[in-house]
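Okay, thanks for having me, everyone.

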Amino acid sequence: MVDNRYATALVIGTVLSLLATVYLSVAAGTQHWYQYSSPSVKRDGGNNATELREEFINGEYDEKTYSDTMFRLNGTLGLWWRCILVPVPRQSHWFKEPDPKLERQCVSFSLSQQFVSKYKYPGNQNSEEDLLRTYLWRCQFLLPLVSLALVFLSGLVGVCACLCRSFTPTVVVGVLHLLAGLCSLGSVCCFLAGVDLLHQYSTPPEGVEGSLGWSLYLALISFPLQMMASALFLWAARSHRQNYTRMTAYRVA
C-alpha cells in the first residue's frame, strides 16, 4: 500500500512535469527568444523597408543578410523562426501617415538550414568555418527535442509502473526528468552563447538594442520545474523503498 506522502509527491511531480512540457513546447515553437529594438524602423518606412522585407522573405538563405535586416527592422529570433517588423503598405499614395502601423513577417528555418555550417565571417562562405557556432546552433534546437522525448519516455515508464503496481520504475522516471532538465538548460545556454558570438562577428548598428524574449524565459522556467519533478520522483521512490524494507524486516522479526 502506498503512503499518502508518496502519492502526493507523485501527483505534484506529474503536474510540474506537465507544466514544464507545455512551457518548453511553447518556447520551442515561438520566435521570441531574442529581439532587437531599432528606433528607425518607422522613419525608414516605404521603399527601403519594402526592399528589405522582400529580400528577407523571398531571398536566398544567408546569415549575414537576414541578421542585418533583423537589426534594422525590429527583428525577433527563435529556434525555428526569424521575424521582422515592417510598416503596413499605405492605402493611398497621396497621404502619408505620421505613425504607420507595423506588422510582423516571419520566415521559418528549414531542417536543412538548421544544419548549415557557420563561418567566421557571416555571409562569406570562403572564410573559415566556425565549428563552435555551428555546433551551438545545432544543439540549441536539438536539445529541446531531446528533452521532450525524455519526458515522453518517462511518461511511458510511469504508466508501466502504475500497471505493474511497483515503485521501482519511479527511479528511472526521476533520472529521465533530471536529464530532460539539463537538456532544457543546455538549449538556453547554447542559444545565448551563439547569439553572443554572432554579435562579435556581425555587430548591430548603433542605436539598436537587443534583449531576451519571453520564449527564452519560458524555456528557462521549464528547467527548475523539471528538476523539482525529478527530485520528487526520486525522493518518493527512495523513501518508499526504505519504508518497505523496514516493514519487511519488522514482519520477519
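Let's start with C189: its sulfur sits 7.0 Å from the closest cysteine sulfur, in C190, and that's too far for a bond. For the record, a disulfide here is a pair of cysteine sulfur atoms within 2.5 Å. C189 is partly exposed, at 45% relative accessible area; buried would be under 20%, exposed over 50%, and partly exposed is in between, with a 1.4 Å probe and protein chains only.

Quick housekeeping: this is a predicted model, where local features need pLDDT of at least 70, side-chain atom pairs count only at pLDDT 80 or more, and totals for chains, interfaces and linings use all residues. Residues are numbered from 1 along each chain as its sequence is written, and side-chain values use heavy atoms, leaving out hydrogens and water.

The S-S torsion of C83 and C106 is about 110°, so the disulfide is right-handed. C83 lies in strand β3 (81-87) and C106 in strand β4 (102-108), so the pair ties together parts 23 residues apart in sequence. Strands are DSSP runs of E, at least two residues, and helices are runs of H or I, at least four, numbered from the N terminus. C83 is buried at 0%, while C106 is partly exposed at 32%.

And C139? It's in no disulfide, and the nearest cysteine sulfur, in C190, is 4.8 Å away.

Now, cavities. On a 1 Å grid over the protein atoms alone, a cavity is a set of points where a 1.4 Å probe fits but cannot get out, and lining residues have an atom within 4 Å of a point. Points are joined across faces, edges and corners, and volume is the space filled by probe spheres set on them.

There are two cavities of 30 Å³ or more. The largest is about 100 Å³, and its lining includes E63, K118, R133 and W137. Helix α6 gives the largest share of that lining, four residues. By class, the lining has five nonpolar, two polar and three charged residues. Nonpolar means Ala, Val, Leu, Ile, Met, Phe, Trp, Tyr, Cys and Pro; charged means Asp, Glu, Lys and Arg; the others, Gly among them, are polar.

The second largest cavity is about 60 Å³. Among its lining residues are E55, Y61 and R82, and α2 (47-58) and α3 (63-72) are the elements giving two or more residues. Its lining splits into three nonpolar, two polar and four charged.

Conventions. On a 1 Å grid over the protein atoms alone, a cavity is a set of points where a 1.4 Å probe fits but cannot get out, and a pocket is an open set with protein on both sides within 12 Å along at least five of seven lines; lining residues have an atom within 4 Å of a point.
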